[in-house]
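Visitor: I have a few quick things to ask about this one. Could we go through it piece by piece?
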Amino acid sequence: MIFARQALLGTGWVTGVRITQAEGRIASIETGVTAQPDDTCVDTLLPALGNLHSHSFQRAMAGMTEVRKAGRDSFWTWRELMYRFMDHLTPEQIEAIAALVFMEMQEAGYASVGEFHYVHHQRGGVPYDALAELSLRVMAAASETGIGLTHLPVLYSYGGAGQVALAEGQLRFGNDVDRFCTLVDAAGAGLADLPGDARVGIAPHSLRATSPDDLARVLGWHGAGPIHIHIAEQPKEVRDIEAWLGARPVEWLLANAPVGPEWCLIHATHMTDDETKAMAATGAVAGLCPITEANLGDGPFNGQVYLEAGGAFGLGSDSNVNISLTEELRTMEYSQRLRDLARNVMVVGEGSVGQTLYLGAARGGAQALGRDAGEIAVGCLADLVAIDAQAPALCALAQDQILDGLAFAAKDDVVTDQWSAGRHCVSGGRHVARDAIVARYRGAVGALLATL
Ligand code: ZN
């Protein structure tokens, strides 16, 4: 039983709320009641977001790529360092880093994660004895932390647009379609060791890392479930795809693949207004990663046009350079304000930006991860976060201002409790397994740095 002083249900704000759970789902909701002796009492209960895009191993290189060297630094020099770093990672280190990342996400208020997993093989591209070894390591980290996992093995077959061969640093990613399908099946078998809300989807890495024929084959093989793809993150990527396939990435994908609500287009950053409206009409989710997109200098999303067209969206932490839900929310809006020289951009007509972003990302994140979540309602997964709305950053606000306060005025330390499909993973602002996870992470990173 959870008792909350107030909660934001799918139907709006209520006070004096008791929630019961059964098998990870919300079984009943009472309102206008008082706490009972054995209740877990919290201040303000919200639906918890799914973090729809993560490459967990990149967390360990946060802060290592912020120095300018010889000329203008760019996404592509960042990627070179990422390759070198990743070249040394062991399965144990990948698991330890993923556990830290998932723990930090939960402490920031996320209940679930879409792990876009592209490191599959040993250095040089030799498969592990168990083909899905590294997927199973990510799953072990999810199991340890309790986060709701949507695991997304990545199909990565080429080193650049036009079926360029994989380069040295990319060999650990590489699979042809046949081996990829075998790997996805092996990862799917790993679900047996995870709670029932875990999922496996697929993720063709990007148009530049696959081919039209391969993409058609893997989509034909895939049954139901999430399909994620990086789509238009950088202007160079748009130019390369246009030169190769004769259309911009989003334009090409919409014309050549059955894009619909099971799809999530990560970094749909560089879209014309026509592409933006066409993408919104498919029902696919735009996977936005504001902190990483700012960090990498990707550019701002075409937010207002997309929202006005009714497009679905969610938030991801991508490179995990800084795992902060409150900062993702405000960076999303601030990127729009800085471009447009305007305030309150990410809202249709009149209304609250914080509510539009938070509740939109709750729905879109759940959709993208294939989770029956995104609102507090009977029958939904108990993906819940409790915040302290009496903290100084929020205490002056009325109920309908709390999500604006969360997005613009608060830090993640207002999070007190978090549940992933009913698993109570954060209490008193700390993950229940924090000490062990942090100690193992320190050891893993120390060992990794010694080999770089
Ligand atoms: Zn990514």
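Visitor: Which helix does Val238 lie in?
Guide: This is a predicted model, and in it Val238 belongs to helix α6, which covers residues 235-245.

Visitor: Is Val238 buried or exposed?
Guide: Val238 counts as buried because its relative accessibility is 6%, and buried means under 20%.

Visitor: What does Val238 touch, leaving out residues up to four places away in sequence?
Guide: With those set aside, Val238 touches Ala232, Arg248, Pro249 and His270. As for Arg248, which lies 10 residues from Val238 along the chain, the C-alpha atoms of the two are separated by 5.7 Å.

Visitor: Switching to Asp318, where does that lie?
Guide: Asp318 is in the loop that runs between β13 (312-315) and α11 (325-340).

Visitor: New topic: what is the strand order in the open sheet of eight strands?
Guide: The order is β3-β2-β1-β4-β14-β15-β16-β17, and the pairing is mixed. Because β3 (25-30) and β17 (430-431) stand at the edges with a single partner strand each, one side of each has no neighbour in the sheet.

Visitor: How many bridges join β2 to β3?
Guide: Five bridges join β3 to strand β2 (residues 12-22), and the two run antiparallel, with Gln21 standing opposite Ile26 in β3.

Note on methods
Residues are numbered from 1 along each chain as its sequence is written. This is a predicted model: local features need pLDDT of at least 70, side-chain atom pairs count only at pLDDT 80 or more; totals for chains, interfaces and linings use all residues. Side-chain values use heavy atoms; hydrogens and water are left out. Helices (H or I, at least four residues) and strands (E, at least two) are DSSP runs, numbered from the N terminus. Buried means under 20% relative accessible area, exposed over 50%, partly exposed in between (1.4 Å probe, protein chains only). Contact means heavy atoms within 4.5 Å. Two strands pair if DSSP finds at least two bridges between them.
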